[in-house]
Amino acid sequence: MSRLSLVSRGAFPLSAALFVAPRAAAQTVQSDPAGSGPLLGALQWVEGTLLGNLATTAAVIAVAVVGLMMLTGRIEWRRGVTVVVGAFIVFGAVAIVAGMRSMATGLR
């Protein structure tokens, strides 16, 4: 059979529907639970505070001071590295949680 005869008999629309249906199911939108508006607002405020300009400036100053103290021998390296790792965790929290969520949905 030629390709034209398959299209004219209706095989093409059926095969196209098979490829479109899984993508439509993957586009489901999850909504927030009822009553979560104030909680989400509070958490977004906390996130904005932790990742805002003031927090970024404070973290830069803290890392600089701790680095200087490590270089001069006034603080042990283990405690200094803890401060730096803590700053990475705070500012990388969004990416860390996104990675965990993608791994969790991939395991199902």
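Q: What makes a pair of residues a contact here?
A: Contact means heavy atoms within 4.5 Å. By that rule, T49, L50 and L51 in α3 meet N53, A55 and T56 in α4. This is a predicted model, where local features need pLDDT of at least 70 and side-chain atom pairs count only at pLDDT 80 or more. Residues are numbered from 1 along each chain, and side-chain values use heavy atoms, without hydrogens and water.

Q: Why is α3 called oblique to α4?
A: Helix α3 (residues 37–51) and helix α4 (residues 53–72) pack at about 40 degrees, with axes 4 Å apart. Angles under 35 degrees count as roughly parallel, over 145 as roughly antiparallel, 65 to 115 as roughly perpendicular and the rest as oblique, so α3 is oblique to α4.

Q: What makes W45, V46, L50, L51, V90, F91 and V94 a nonpolar patch?
A: Patch residues need over 30% relative accessible area and no salt bridge, with nonpolar side chains joined within 5 Å. These residues form such a patch on the surface, with about 620 Å² of accessible area together. Its largest share, 4 residues, comes from α3.

Note on methods: Axes fitted to C-alpha atoms, helices over the stretch in contact; angles between N-to-C directions. Helix = DSSP H or I, 4+ residues; strand = E, 2+ residues; numbered from the N terminus. Patch = residues over 30% accessible without salt bridge, like charges linked within 9 Å, V, L, I, M, F, W, Y side chains within 5 Å. Areas by Shrake-Rupley, 256 points an atom, 1.4 Å probe, with all protein chains shown as cover. Salt bridge = Lys/Arg side-chain N within 4 Å of Asp/Glu carboxyl O.
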